[in-house]
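Subject: Structure for your review

Dear colleague,

Please find below the structure that I am handing over to you. My notes on its salt bridges follow.

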Amino acid sequence: MCGIVGYSGGKNCVGIIMEGLKKLEYRGYDSAGIAFEETQGLDVLKAVGRVENLEKLVKSRKVKSNCAIAHTRWATHGKPCVLNSHPHTDCKGEVAIVHNGIIENYAELKAVLSKKGHKFASETDSEIIAHLIEEELKKQKDFFKAFVLAVKKLKGAYALAAAYKNAPGVICAAKKQSPLVIGKGDGEYYLASDVPAFLNYTNKAIFLEDGDLAKITPSSCEVFNLSGVKQNRKVNVIKWSSSAAQKGGYKHFMIKEIFDQPQATKDTISTLPADIKKAFGIAPAAAKKIKGLYIVACGTAYHAALSAKYVIEHFAKLPVEVETASEFKYRSINFQKNWLFIAVSQSGETADTLAALMNAKKAGLKTLSICNVVGSTITRASDYTVYTHCGPEISVASTKAFTSQLAVLYSFALHMARQHGVLGKAEFDKLYKEFQTLPELISQTLKDEQSVKKIAKEVYKSNSYIFLGRNASFPIALEGALKLKEISYLHAEGFAGGEIKHGPIAIIDKDMPVVALAPKGSLYEKMISSCQEVSARGAKLIIISNTPTKGAVLVPYSNEYLFPILAVIPLQLLAYYISDLRGREIDRPRNLAKSVTVE
Ligand code: F6R
């Protein structure tokens, strides 16, 4: 998704802006650009490819400026090229804008503007915004007022920033459905799609809400709604250190984040009270009334939801429906009364998940979100929020957010079981105590990294992989396959162990590594039979278990419903090492974006 960075203050901001753009690289992009104020007015520089290309251009021009807006573009309307990259300007080059999102009525607006004589340089939907502002400025001189009038004409999603030659030091910003946050410094303000872009300079963040319009100058930041009413937005102090957003000595963010998991789950679990009266912000009386759950998410978060279904059904005996958000929103569901809707999302900005949440809200359901990003759109739209406390997840492939989501959902299952009287106090306390050892169990699991690295060396030349699991570990098989395909670009598929004999076994041969998850417990024997079926076809078998099993990578013993949170770790490592051996660009896999803010 596109990234926005802006600055207005007393510093020469070009370096700050370039640094900010680099911090947003995780969002995925294909080109970058900057509009900056200089003595003659506004100037714009753009480059296709990496931010470094833009940086070279900026350095060669010896740019100095106290106010600038900049952008990393992830193409939606029009191919990646200099003309389509942002910032876009009006006909006279006096207004510059950067935009993240999609303007749904752009064709209509473009037709009207064209009739009025506006000339367009790009194929993008975004460019019309600069021309709309230009048009409004013909009617009245105040830049912010003209900006507001232009924004009122837009339909769709936007995080938007604009600068104007005749309003030095002023940045106008607007937000609807795409994230935008303002950083408050001393005599300066920052603007960005995400906090890490300015965290090296300030940890004071003002999260704009949908419908907000902000006027930023070096000394002020005023927020209004579309009707012109002033909005009070609180200044949040962000506790993530800037170094938390760095690689910390690891080769890639992904491997760093895999090793962050003991701390991430520890920080997450420490905020989940064992006291059922305080859990999840849901009053005990309301919790008792919950008769079932819809859990909706995308990608990796969906796999966390799917695994949680087994855990919640097992412990709390509540019915759980899990669906990918992109499908959920199209279903004609006769929503059950007293069912709780749960949205799981690392970023809290995934458009599909947000749309599903809005449908559930419309149907009158209470909503709970499990998110990592404080103040993100999904959290603000939900009745209740529980945060995973992972710190920023920079690698596009999600790892630490996944295990923390599983931890929150496991805790939720135990709490619901207790609230509904399925678990007695003693049993709950015993299970909760075991759950609280999870960070330590993850630490122990990571100690066996070398076994996984060795396996990766043996199998990395294979072009196709299969992952098998049953029950709560079946979604972990799906996640293992997703992780591998995302970052290695190799074919990988996850199946329920019992399903392979119904078809997939046909493709198994000696060139096919098969990863099987076999926790000690009710399904261990069945899983071992699946393993025998595949090894009889010559497959290279990799077993992950928590009980001594021939040739298996062992994770520490825990109950079979905690096992998934440990079993995914060797799978993350396997995906990482196979991809590294293949020389892939692990943190920024092709075609993928960290935060998918369009449906
Ligand atoms: C996979 C991955 C994606 C995300 C998905 C949802 O590694 O990162 O599949 O899990 O796009 O994103 P969030 O959790 O931000 O809603």
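In this predicted model, the side chains of Lys-540 and Glu-458 form a salt bridge, with 3.2 Å between the closest N and O atoms. Lys-540 belongs to strand 23 (residues 540–545) and Glu-458 to helix 16 (residues 449–459), so this pair ties together parts that are 82 residues apart in sequence. Lys-540 is partly exposed, at 33% relative accessibility, and Glu-458 is also partly exposed, at 47%. Salt bridges with shared partners also join Glu-25, Arg-50, Glu-585 and Arg-588 into one network.

In total, the structure holds 29 salt bridges. One of them links Asp-260 and Lys-400, at 3.1 Å from N to O. Asp-260 is found in the loop between helix 6 (253–259) and helix 7 (261–270), while Lys-400 is in helix 13 (residues 400–419), so the pair ties together parts that are 140 residues apart in sequence. Are these two residues buried or exposed? Asp-260 has a relative accessibility of 18% and therefore counts as buried, because buried means under 20%. Lys-400 is buried as well, with a relative accessible area of 2%.

A further salt bridge joins Glu-313 to Lys-309, where the closest N and O atoms are 3.0 Å apart. Both residues lie in helix 9 (residues 299–316), four residues apart, which is about one turn of the helix. Glu-313 is partly exposed, with a relative accessible area of 29%, and Lys-309 is partly exposed at 22%.

Yours sincerely,
A colleague

Methods. Residues numbered from 1 in each chain as written. Predicted model: local features only at pLDDT ≥ 70, side-chain atom pairs only at ≥ 80, totals over all residues. Heavy atoms only, no water. Salt bridge = Lys/Arg side-chain N within 4 Å of Asp/Glu carboxyl O. Helix = DSSP H or I, 4+ residues; strand = E, 2+ residues; numbered from the N terminus. Buried < 20%, exposed > 50% of the residue type's maximum accessible area, 1.4 Å probe, protein only.
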